[in-house]
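Please take the sequence and the structure below together, and follow the backbone through its strand pairings and then through its turns and loops.

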Amino acid sequence: KRPQVVALYFARSAELAGVRSEIISVPQQLTSLQLWEEIVKRHPRLAAIQDQVVFAVRQEYVILGDQLLVLQSGDEVAIIPPISGG
């Protein structure tokens, strides 16, 4: 059974997704890049920030790549876009 995780979108990612949070069903084990791909399937406009985005899974930062995540229902996955400034 696929866990139901809470996706939280911040700043630019919320603008692109059109939502601030949602429940998504994802495989229990997947890489951070595969998780991103699952999210982009729902919100294709997010692909625009793929090169700069960072995840926080259970409040720990994760970069997109082949790091394996093991998700449980109720886990929070924050999509954090580049912080604009300077």
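In this predicted model, Val57 has Val77 as its bridge partner in strand S7. That contact belongs to a pairing in which S4 and S7, the latter covering residues 76-80, run in the antiparallel sense over 4 bridges.

S4 also pairs with S5, and here 3 bridges join the two strands, which again run antiparallel. Within this pairing, Phe55 stands opposite Val62, a residue of S5. The two strands form a hairpin with 2 residues between them, and Arg58, which lies in the turn, has a positive phi of about 50°.

Gln59 is placed in the loop between strand S4 (54-57) and strand S5 (60-62), and Gln59, although not a glycine, likewise has a positive phi, of about 65°. Such values deserve a second look because most residues other than glycine have a negative phi. Is Gln59 buried or exposed? Its relative accessibility is 72%, and because exposed means over 50%, Gln59 counts as exposed.

A positive phi is also found at Ala11, which is not a glycine either and has a value of about 50°. Ala11 sits in the loop that lies between strand S1 (4-9) and helix H1 (12-17). With a relative accessibility of 49%, Ala11 counts as partly exposed, since the class of exposed residues begins over 50% and that of buried residues lies under 20%.

Definitions and conventions:
Residues are numbered from 1 along each chain as its sequence is written. This is a predicted model: local features need pLDDT of at least 70, side-chain atom pairs count only at pLDDT 80 or more; totals for chains, interfaces and linings use all residues. Side-chain values use heavy atoms; hydrogens and water are left out. Buried means under 20% relative accessible area, exposed over 50%, partly exposed in between (1.4 Å probe, protein chains only). Two strands pair if DSSP finds at least two bridges between them.
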